[in-house]
Amino acid sequence: MTGRHVVSVETLMLRVSTDSKWAYRRVTTLPDPGESPDQAARRACGVAADADATVVHSTSWRYTGNGEIVLTYAVCPDPEPWLPAVELPSMEIAAGSAPATPAPDRVEVANVVAHAVRHLAFLMDEDPVVRKALERRAEVATALDPTVTTSSATRLLPCP
């Protein structure tokens, strides 16, 4: 809690199928007293701070309008891929209506997931630590390649 705002942590555990389609599990939590958002995200997804094969990375934040600020973390690959997941229908991200109004009128979880995947694709190009971890899973590295498409609806575009 910061003043009048509640800060929650949303973790999106991401996985990709052999045909490069993304799916996710979503868990939300509040940081415990004295716990950082990074620590809360790791607790929520069960990934240790010294894990070297799973990326836990903050990808976005949003204000819900009711005093809540949601910090979103992408977790890839999903540390528990046997659990049920939701298939991502498209790579559509939400956007504001004008350059000076970045907050979209409406944001769905699928939009946040698409943004998180695009953010990971950006990190594959720009962050050697993230690249090294994600390249351990060939299907993840392939799906994050911007030239890979499964259809025009799921085309992976670079993170803006």
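Author: Start with Thr-59. Leaving aside its neighbours within four places in sequence, Thr-59 is in contact (heavy atoms within 4.5 Å) with Thr-72, Tyr-73, Ala-74, His-115, Ala-116 and His-119. This is a predicted model, where local features need pLDDT of at least 70 and side-chain atom pairs count only at pLDDT 80 or more, while totals for chains, interfaces and linings use all residues. Residues are numbered from 1 along each chain as its sequence is written, and side-chain values use heavy atoms, with hydrogens and water left out.

Reader: Why is Thr-59 called buried?

Author: Buried means under 20% relative accessible area; exposed means over 50%, and partly exposed lies in between (1.4 Å probe, protein chains only). Thr-59 has a relative accessible area of 7%, so Thr-59 is buried. Its place is in strand β3, residues 55-63. Strands are DSSP runs of E with at least two residues, helices are runs of H or I with at least four, and both are numbered from the N terminus.

Reader: How do you know that β1 and β2 pair?

Author: Two strands pair if DSSP finds at least two bridges between them. Strand β1 (residues 6-16) and strand β2 (residues 22-29) have 8 bridges, so they pair, in the antiparallel sense. In β2, Trp-22 is the bridge partner of Val-16.

Reader: What makes a set of residues a nonpolar core?

Author: The members are buried Ala, Val, Leu, Ile, Met, Phe, Trp, Tyr and Cys residues, joined through side-chain atoms within 4.5 Å. The largest such core has 26 residues. Leu-14, Trp-22, Leu-120, Leu-134 and Leu-144 touch the most other members. Helix α2 (109-126) gives the most to this core, with 9 residues.

Reader: How do you know which residues line the largest pocket?

Author: A pocket is an open set of points on a 1 Å grid over the protein atoms alone, with protein on both sides within 12 Å along at least five of seven lines; a cavity is a set where a 1.4 Å probe fits but cannot get out. Lining residues have an atom within 4 Å of a point. For the largest pocket, 21 residues line it. Trp-61, Arg-62, Pro-102, Pro-104 and Val-107 lie nearest its centre.
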